[in-house]
Amino acid sequence: MGPTPREIFDLLDGHVVGQGAAKKKLAIAASNHLLRSEARSGGTTFEKSNVLLIGPTGVGKTHLIRTLAGAIDVPVAIGDATSLTEAGYVGEDVEGLLHRLLLASDMDVAKAQRGIVYIDEIDKLAWGSGGVGKDLRLGVQHSLLKMLEGATCHVPPGGARHPAQELVPIDTSDILFIGGGAFVGLEEIVARRLGRGATFGFDRTLPPPPDLPINPLGHVLPCDLEAFGLIPELVGRLPVVATLGELGVEDLTRILTDPVGGLLKQYKGLVGLRGATLEFTDEAVVEIARAAHVRGVGARVLRSVVEAVVEDVLFDLTPGHLYTVTLGGKVECRKKPPIMVRRPSLVRHHSHDASGVPLARTPAGQ
Ligand SMILES: Nc1ncnc2c1ncn2[C@@H]1O[C@H](COP(=O)(O)OP(=O)(O)O)[C@@H](O)[C@H]1O
Ligand SMILES: [Mg+2]
């Protein structure tokens, strides 16, 4: 039996800060996905539950999927819905997503058929906004239906369609599909529905009732996604909806410091490799998080904020020095606290090491 939802949740938790509700839903979906492919080989079939991740930019949608891919033993492919439409008639066919999965499975069809496909920016397929490419977007939505539900798709092994290529049949019945997108404007659609429901038959210009939820996205219904511009058939094939919230300063602070291989750990590691030490005061970390927060693109800008702060250190560091980033992005530099030498006799005979750094004198009695 594969990992339990709780185990997958804990693995995600080590890398993805906050977003508990989405992590929980994704963990359940992934665990069920693993179980389902096992059960099928034993003769039982369970309907699959594809997932839709909704949340603003930079709050961890793709990061969640990448982390999931590392946590469970199935191939995961990440594709982008805009590549299916951008180039018009020369755009990638939806089978291109399966081609990615095939690549992620080392061209092993059986492995690919148990994999996971993430379709980013699926909200960009909405016809709602009208305008150029509306028919094309609608067409792509339709072409996704069969694949999401489960069908035999013919995938060109080399990617692009080529007349001489023999197509690889891939059965998508056991492939888990996860759509993701920011769905800008969906919040208003949900809020309007909730508000209207509560004031049904009354003046719609009345202020919203006080019990309206603070986060309308937590109350998304299929009808809202349809109002946004996804066709009902596609909405129906993405039955598990997980929403991710905006990241606050506190979340961003934790993203800097907490995750396995987190951002600050990476820079500290880099500096460490060159023989110096990098530290950040707690206040400086919060300040970096604040600076990123005002940009309003989630955790996306954290790296560039940190990079700007430590640029000079990276450019011109001296091994053996300790660099401390303090408020205002200022960097204090001093020689690394010398290593305590415990044997007094050594200290007495060598008061300086080769580089001229005075060695510590162990205070008497230590
Ligand atoms: N909740 C989070 N926990 C930890 N890191 C995060 C989180 N959200 C975003 N990040 C960081 O920010 C980067 C951009 O996030 P990403 O997942 O690509 O955002 P999106 O929601 O737009 O897909 C990620 O690579 C990751 O390093
Ligand atoms: Mg993304």
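Entry 1: I started from one residue pair: Thr 324 has Glu 332, in strand 10, as its bridge partner. Strands here are DSSP E runs of at least two residues, helices are H or I runs of at least four, and both are numbered from the N terminus. Two strands pair if DSSP finds at least two bridges between them.

I then looked at the whole sheet: it is open, has three strands in the order 8-9-10, and its pairing is mixed. Strand 8 (277-280) and strand 10 (331-335) are the edges; each has a single partner strand, so one side of each lacks a neighbour in the sheet. On average, neighbouring strands are turned by 20° against each other, direction ignored.

**Entry 2: housekeeping.** I remind myself that this is a predicted model, where local features need pLDDT of at least 70 and side-chain atom pairs count only at pLDDT 80 or more, while totals for chains, interfaces and linings use all residues. Residues are numbered from 1 along each chain as its sequence is written, and chains are lettered from A and ligands numbered from 1 in the order in which they are written.

**Entry 3: helices by the sheet.** I found helix 11 (residues 263-273) lying across strand 8 and strand 9, at about 155° to strand 8. Axes are lines fitted to C-alpha atoms, for helices over the stretch in contact, with angles from 0 to 180 degrees between N-to-C directions. In helix 10 (residues 249-257), I listed Asp 251, Leu 252, Thr 253, Ile 255 and Leu 256 as the buried residues. Buried means 20 or more other C-beta atoms within 10 Å of the residue's own, exposed means 12 or fewer, and partly exposed is in between, with C-beta atoms placed from the backbone.

**Entry 4: ligand 1.** Which residues come nearest to ligand 1? Of the 17 around it, they are Gly 60, Lys 61, Thr 62, His 63 and Ala 299. A residue is near if its C-beta atom, placed from the backbone, lies within 6 Å. Helix 3 (residues 61-71) gives the most to this shell, with three residues. I also noted that domain 1 (5-243) and domain 2 (249-349) each supply at least three residues; the bounds come from an automatic or database domain assignment.

**Entry 5: around Gly 181.** I placed Gly 181 in strand 6 (residues 176-181). Is Gly 181 buried or exposed? It counts as buried, because it has 24 C-beta neighbours inside 10 Å. Its C-alpha atom is 9.7 Å from that of Thr 62, 119 residues apart along the chain. Beyond neighbours within four places in sequence, Gly 181 has contacts that include Ile 54, Glu 121 and Asp 123; contact means C-beta atoms, placed from the backbone, within 7 Å.

I followed Glu 121 to the loop between strand 3 (116-120) and helix 6 (134-149). Glu 121 has a positive phi, near 55°, without being a glycine, and with 18 C-beta neighbours inside 10 Å it counts as partly exposed. Phe 183 is a non-glycine with positive phi too, about 45°. Phe 183 sits in the loop between strand 6 and helix 7 (186-198), and counts as buried with 26 C-beta neighbours inside 10 Å.

Methods: Two residues are in contact if their C-beta atoms, placed from the backbone, lie within 7 Å.
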